[in-house]
Amino acid sequence: MLKDEAMPVQYVLPHFGDRALTKGVLASRFVAMWQQRLNSPEETYCLGQRIGTLAVPGLVVALVGDLGAGKTCLAQGIARGLGIHAPVTSPTFVLVSAYPEARIPFFHADFYRLGDSSELQELGLDESLGSGTVCVVEWADMYLECLPADHLHLVLTDEGQDCRGLVATAHGETSKVLLQAIQSV
Ligand SMILES: Nc1ncnc2c1ncn2[C@@H]1O[C@H](COP(=O)(O)OP(=O)(O)O)[C@@H](O)[C@H]1O
Ligand SMILES: [Mg+2]
């Protein structure tokens, strides 16, 4: 499903509203939306790879979903699509991993253990977000207000042992173009 209307996300994600809405995040409007079922880890990884292959400088991907939802799996696919061959591990403890050798400099961040938003400056991430890089942020909903307005918002939900649900919303032109491109591959 692709919607082109600018409507508040909370109308389409009532089941996921709690955490994100308390951050005031989803008041931001999306310009395109896509829903997809991911039937295996391979499908999650391949979608990531497609995003990485089509990514342009400035892309910010916000990954949202509970523990085990598939955020790191998707980020690993994105890294592969950006030409990274090195193992990509979860940045839960380092908070941000940088891959300058990628086709476009790639940052893989995790906001779960971020103490407060000023830490983004210490990590050097605030300057990288949305400018000449590709940034993928796990647990992005914890500090979504720190992300640029234009970002691709991916919500993963556990739909059972072998399946995940994905709701993707684009919040600006860069992410909208990418969202449309990944559907047509
Ligand atoms: N579409 C899917 N269907 C079933 N399992 C999946 C799917 N996508 C990912 N997984 C699996 O879910 C587990 C948790 O994934 P992970 O990426 O570590 O989650 P998170 O980073 O959100 O905590 C992994 O074993 C991964 O292979
Ligand atoms: Mg993870």
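Tutor: This is a predicted model, in which local features need pLDDT of at least 70 and side-chain atom pairs count only at pLDDT 80 or more, while totals for chains, interfaces and linings use all residues. Residues are numbered from 1 along each chain as its sequence is written, and chains are lettered from A and ligands numbered from 1 in the order in which they are written.

Student: How are α2 and α3 oriented to each other?
Tutor: The axes of α2 and α3, lines fitted to C-alpha atoms over the stretch in contact, come within 6 Å and cross at roughly 40°. Angles run from 0 to 180 degrees between N-to-C directions; under 35 degrees counts as roughly parallel, over 145 as roughly antiparallel, 65 to 115 as roughly perpendicular and the rest as oblique. The two helices, α2 and α3, are therefore oblique.

Student: Which elements give two or more residues to the shell around ligand 1?
Tutor: The shell around ligand 1 has 16 residues, the closest being P41, T44, G70, K71 and T72; a residue is near if its C-beta atom, placed from the backbone, lies within 6 Å. Helices are DSSP runs (H or I, at least four residues), numbered from the N terminus. The elements asked for are α2 (41-54) and α3 (71-81).

Student: Is E119 buried, exposed or partly exposed?
Tutor: E119 lies in helix α4, residues 119-122. A residue is buried with 20 or more other C-beta atoms, placed from the backbone, within 10 Å of its own, exposed with 12 or fewer, and partly exposed in between. Because E119 has 17 C-beta neighbours inside 10 Å, E119 counts as partly exposed.
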